[in-house]
Amino acid sequence: MVYESDQVELPPVTDWVNDWDWLDDQWGENAIDIWNSVREQCPMATTERYGRAHMPVTMEGIQQVAKDTENFSSIWVNVSRPDAPRAPAPPITSDPPDHQGHRRLLLPAFSPKVIAPMEDEMREFCQGLIADLGDSPTADAAVQYAQHIPVHGICQLLGIPEDDADMFRDWIYRNFQLAPRDNSVRVAVQQEMDAYFGEMLKERQANPTDDLTSLIANAQIDGEDVGWPYKLGYMKLMIVAGIDTTWSAIGSGLWHLSNNPGDLARLAVVENDDPLWQTATEEILRFYAPVTMARKVIGDTEIAGCPVHEGDQMLVTFPAANHDPEAFENSEEFILDRERNRHVAFGLGIHRCLGSNLARVELTVALQEWVRAFPNYVLDESKKTTWANGQVRGPRKLPVVLNR
Ligand code: HEM
């Protein structure tokens with residue numbers, strides 16, 4: 001089916017305080033500088049590009065939004081055109097009291113008991129990707145490595161075909177990079193995902209196995225069958241929350257190490273169980289936190305002293321909070337062995353990331369295997385690194401010289 005594009009063309013941003021735009025070309029590469037510069041001027045920026053939408057940049061403001069479910073609803077989890085069609089993807093799009101039941105249903109699938117045993121197989125998978133590079137002196141660490149790892153993890157959990165990885169990534173690209181400005185893209189992606197997962201859920205209703213897709217296909221909350229649109233929503237959420245998030249974190253970590261030979265050298269000589277790996281992973285998550293969420297304002301209130309009104313959209317800029325000098329000592333320094341690191345890369349409050357155990361295993365294992373294989377790799381300055389902008393930020397092309 002062909003969908004007419006109704007894309008809104010928007011000019012490049014020149015005023016990030018009064019006219020910010022997370023799909024502007026400058027965002028992907030420069031978001032940290034943008035948030036820091038806004039914070040020096042005021043605690044919250046605003047735009048009218050998608051209706052009125054606010055962007056708090058302080059830890060205080062972001063905590064306030066994330067914890068206040070009375071005034072901020074999760075029915076809108078990205079800043080898009082105000083007439084954007086929205087579909088449920090529980091628990092991330094649910095508010096209390098419904099949120100709790102959806103979350104409880106999925107929680108056991110992401111517990112350390114389920115995730116920890118995946119580590120050895122993830123490691124072998126990463127080693128396989130590295131072996132696939134053959135003797136090549138260069139590689140694209142995002143395209144040939146980072147992007148494959150979380151797809152493998154989520155496909156294992158859901159029991160769905162990894163051969164469809166390109167299609168999953170295409171959905172993610174269109175959903176995050178194009179759909180906020182183009183409703184026809186959102187409708188098309190939703191329809192494609194509904195058709196794909198609808199078939200799969202019906203198959204698992206008829207022939208259940210022990211995978212997460214079967215649990216979702218036959219889901220009940222408090223003895224009641226979960227409605228079909230919610231079951232589809234769980235499946236769609238697993239794909240959009242479980243893939244480019246960790247792909248971006250791995251890519252950002254590899255980008256950082258390719259530019260910081262001192263940090264790379266320190267990690268290259270320690271064992272996998274050395275505490276330096278743990279602090280390094282958390283510092284990558286703090287400094288390069290990939291995920292920015294959003295809320296719909298459902299009650300007039302104030303954030304950091306600035307008024308917000310019912311019907312406005314609100315960015316929940318967790319990555320900006322991680323750079324607030326009020327919240328972190330030397331916030332602009334990347335400190336590999338930072339001891340106190342209460343970052344909010346995984347969010348906070350009732351929607352805190354369900355997949356954080358999985359994400360941490362994937363990120364740590366991916367970095368360990370890469371650093372062991374290529375302890376002297378550097379960024380390939382002759383080629384361009386590209387960054388995804390918008391909701392999930394991270395390198396999408398990461399050319400490196402392997403210096404084997
Ligand atoms: C580095 C990787 C990841 C980061 C930075 C990240 C970040 C986040 C953040 C910030 C939230 C809070 C949403 C909000 O407040 O609206 C969230 C929620 C969530 N994440 Fe992740 N995530 C990552 C990986 C994953 C993975 C691998 C999965 C697996 C499917 C996952 C599944 C979820 C789910 C289901 C929620 C919704 C929880 C709820 O609403 O109760 N995430 N994530």
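Two strands pair if DSSP finds at least two bridges between them, and the helices (H or I, at least four residues) and strands (E, at least two) named below are DSSP runs, numbered from the N terminus. With that in hand, welcome to the close-up views. This is a predicted model, in which local features need pLDDT of at least 70, side-chain atom pairs count only at pLDDT 80 or more, and totals for chains, interfaces and linings use all residues. Residues are numbered from 1 along each chain as its sequence is written.

**View 1. Strand S7 and its two partners.**
Start with serine 73, which stands opposite lysine 296 in S7. That pair belongs to the antiparallel pairing of S3 with S7, joined by 2 bridges. Lysine 296 also stands opposite glutamine 313 in S10, and here 4 bridges join S7 to strand S10 (residues 313-316), again antiparallel. Strand S7 (residues 293-297) is largely enclosed by the rest of the structure, because 5 of its 5 residues are buried. A residue is buried if 20 or more other C-beta atoms lie within 10 Å of its own, exposed if 12 or fewer, and partly exposed in between, with C-beta atoms placed from the backbone. Met293, Arg295 and Val297 point one way from S7, while Ala294 and Lys296 point the other way.

**View 2. An open sheet of 3 strands.**
Follow the order S4-S14-S11 to trace this open, antiparallel sheet. Strand S4 (138-140) and strand S11 (378-379) are the edge strands, each pairing on one side only. Between S4 and strand S14 (residues 399-401) there are 3 bridges, and one place to look is aspartate 140, whose bridge partner in S14 is proline 399.

**View 3. The shell around the ligand.**
Here 30 residues surround the ligand, and the closest are Gly242, Gly347, His351, Cys353 and Gly355. Two or more residues of the shell come from each of helix H7 (148-158), helix H11 (228-242), helix H12 (244-259) and helix H16 (356-373). Which helix gives the largest share of the shell? H11 does, with 4 residues. By class, the shell has 22 nonpolar, 7 polar and 1 charged residues. Ala, Val, Leu, Ile, Met, Phe, Trp, Tyr, Cys and Pro count as nonpolar, Asp, Glu, Lys and Arg as charged, and the others, Gly among them, as polar.

**View 4. Helix H12 packed against helix H16.**
The axes of H12 and H16 are 10 Å apart, at an angle of about 35 degrees. Axes are lines fitted to C-alpha atoms, for helices over the stretch in contact, and angles run from 0 to 180 degrees between N-to-C directions. The crossing is right-handed; a crossing is left-handed if the near helix is turned anticlockwise from the far one by less than a right angle, and right-handed if clockwise. The contact includes Ala249, Gly253 and Leu257 of H12 and Ala359, Leu363 and Trp370 of H16. Two residues are in contact if their C-beta atoms, placed from the backbone, lie within 7 Å. In this contact, 10 residues are nonpolar, 3 polar and 1 charged.

**View 5. Helix H7 and its neighbour H5.**
H7 is mostly covered, with 10 of its 11 residues buried; among them are Val151, Ile154 and Leu158. Helix H5 (residues 119-132) crosses H7 at roughly 145 degrees, and their axes come within 10 Å. This crossing is right-handed. Met122, Phe125, Cys126 and Leu129 in H5 meet His148, Ile149, His152 and Gly153 in H7, a contact of 5 nonpolar, 3 polar and no charged residues. Just after H7, glycine 159 takes a positive phi of about 70 degrees.

Alanine 304 has a positive phi of about 50 degrees although it is not a glycine, and with 17 C-beta neighbours inside 10 Å, alanine 304 counts as partly exposed. Asparagine 403, in the segment after S14, has a positive phi of about 45 degrees and counts as exposed, with 11 C-beta neighbours inside 10 Å.

Notes: Near = placed C-beta within 6 Å.
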